[in-house]
Number of protein chains: 2
Amino acid sequence: MRKLETCFSPALYEPGLHSGSMVVVIDILRATTSICTAFLHGAETIIPVSTVEEAREYKRKGYLVAAERDGYVLDFADFGNSPFNFTPDKVAGKTIVYSTTNGTGIINLASSGNEIVIGSFLNITALSEWLSKKEKDVVLFCAGWKNRFNLEDTICAGAIAEKLMATSLYTTNCDSTTAAIDLWSLAKGNLPGYIEKVAQQTRLWSKGLGDCIEYCLTQDFTRVIPVFEDGVLRLIDIDI
Amino acid sequence: MRKLETCFSPALYEPGLHSGSMVVVIDILRATTSICTAFLHGAETIIPVSTVEEAREYKRKGYLVAAERDGYVLDFADFGNSPFNFTPDKVAGKTIVYSTTNGTGIINLASSGNEIVIGSFLNITALSEWLSKKEKDVVLFCAGWKNRFNLEDTICAGAIAEKLMATSLYTTNCDSTTAAIDLWSLAKGNLPGYIEKVAQQTRLWSKGLGDCIEYCLTQDFTRVIPVFEDGVLRLIDIDI
């Protein structure tokens with residue numbers, strides 16, 4: 001049996017422990033939702049960078065840069081972190097350098113010795129089906145918020161975990177996975193209602209950035225599966 | 001309004017952030033349950049120590065030492081971590097030096113700038129009533145398991161959080177607290193059934209140490225409130 005584990009925060013990530021696994025990076029509000037959107041709209045590749053300095057250096061070199069901290073677009077960037085920024089006219093055929101508060105850093109953190117794939121509600125069924133065809137342990141890696149636990153990434157992890165456990169191909173002895181599945185069981189009947197309890201939606205609305213939340217909770221909007229290879233995210237074009 | 005926060009693991013603890021708070025240390029299976037039991041049975045003080053070496057040094061000096069790692073009693077210790085070890089004949093009137101895998105270390109970790117109190121299902125109502133009489137923010141600090149999230153501490157945190165929020169004296173904008181309350185809402189109707197999902201109960205049973213689990217889930221077995229002051233745990237004798 002393959003093992004299924006969940007990690008709630010970068011502060012809880014243990015690189016050695018998860019070596020050789022498929023790591024699903026989840027940052028629902030908003031990085032991994034935006035990455036899925038960018039590929040859906042024709043982006044060629046995305047280079048996730050951890051620091052503001054790296055993003056600025058790429059901008060100097062002429063790259064298209066999406067970059068934010070705490071919800072605010074960085075002054076040198078072309079646009080910020082809302083999935084609504086990644087429109088076909090801006091991203092089709094392009095390489096995008098991308099840096100956000102939580103999500104993009106952990107892609108680099110998790111990449112050592114593992115295969116990385118991007119998860120969101122948008123691609124949840126296609127992703128789960130693709131994972132189940134891989135003969136690998138899976139780690140659901142929630143970006144959290146500034147190293148803390150957050151609910152929106154956890155319930156998405158729970159939704160993916162529920163699908164994977166239903167295949168009977170996985171086993172888990174991980175309390176985080178059990179908790180994520182249980183929290184998803186409470187949320188799934190009324191996702192827009194449940195999300196009102198989430199701290200990050202309050203933060204986004206307070207900054208006038210809440211308009212994308214409903215979109216970020218849309219299940220199966222696309223079947224894109226972005227993977228991280230050789231320092232860049234690219235789309236696996238599958239038809240499963 | 002007082003703030004209520006929950007921390008799922010020592011790896012997530014941010015000392016500066018919580019400065020000046022009441023910190024409730026929770027390690028249900030088994031350290032904080034055992035501490036409550038020891039005081040119920042007449043212990044005078046408990047000295048929590050983080051390392052095996054410290055515990056061994058206290059033993060050399062003639063102290064009564066309870067010490068375990070991964071469930072196993074350390075060879076030099078008088079007894080281990082089961083609450084059933086802390087019987088009146090062994091602990092009444094005594095000072096006990098205590099070192100466990102997860103729980104005792106975080107008492108020292110959290111003590112800087114904060115008041116520390118010991119929480120368990122055993123003392124949950126007395127503790128919650130006592131906290132609500134304090135004009136302080138509260139942090140529910142789960143010991144977890146080897147820096148990871150665990151369910152048993154989380155549902156106890158959720159049970160305490162539910163009681164505190166019911167007083168209308170607290171506010172929370174902390175997803176960990178929301179998740180803990182939600183998980184408690186799933187667990188409380190059938191606590192023995194819910195606990196079967198918990199990884200630590202599997203670990204304890206596999207080592208022949210599961211006999212205390214039912215006891216560790218007993219709500220309101222006692223009204224003792226152990227606090228940590230000047231390097232030792234002592235009982236606050238209250239009648240509320």
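**How the chains meet and how chain B is built**

Tutor: In this model, 23 residues of chain A are in contact with 23 residues of chain B, where contact means that the C-beta atoms, placed from the backbone, lie within 7 Å. The model is predicted, so local features need pLDDT of at least 70 and side-chain atom pairs count only at pLDDT 80 or more, while totals for chains, interfaces and linings use all residues. Residues are numbered from 1 along each chain as its sequence is written, and chains are lettered from A and ligands numbered from 1 in the order in which they are written.

Student: Which helix gives the largest share of the side of chain A that touches chain B?

Tutor: Helices (H or I, at least four residues) and strands (E, at least two) are DSSP runs, numbered from the N terminus. Helix H6 (151-166), helix H7 (175-187) and helix H9 (199-206) of chain A each supply at least two residues of that side. The largest share, seven residues, comes from H7(A).

Student: Which strands stand at the edges of the sheet in chain B?

Tutor: Eleven strands of chain B form an open sheet with mixed pairing, in the order S5-S4-S6-S3-S11-S10-S7-S2-S8-S1-S9, and two strands pair if DSSP finds at least two bridges between them. An edge strand here has a single partner strand, so one side of it is left without a neighbour in the sheet. The strands at the edges are S5 (72-73) and S9 (170-171) of chain B.

Student: What is the bridge partner of B:Cys7 in S8(B)?

Tutor: Strand S1 (residues 2-7) and strand S8 (residues 138-142) of chain B pair in the parallel sense over four bridges. In S8(B), the partner of B:Cys7 is B:Phe141.

Student: Is B:Val232 buried or exposed, or does it count as something in between?

Tutor: B:Val232 is found in strand S11 (residues 232-236) of chain B, and beyond its neighbours within four places in sequence it is in contact with B:Thr45, B:Ile46 and B:Ile47. A residue is buried if 20 or more other C-beta atoms lie within 10 Å of its own, exposed if 12 or fewer, and partly exposed in between. Because B:Val232 has 16 C-beta neighbours inside 10 Å, it counts as partly exposed.

Student: How far apart in space are B:Val232 and B:Ile46?

Tutor: In sequence, B:Val232 and B:Ile46 are 186 residues apart. In space, from C-alpha to C-alpha, the distance between B:Val232 and B:Ile46 is 5.7 Å.

Technical notes. Two residues are in contact if their C-beta atoms, placed from the backbone, lie within 7 Å.
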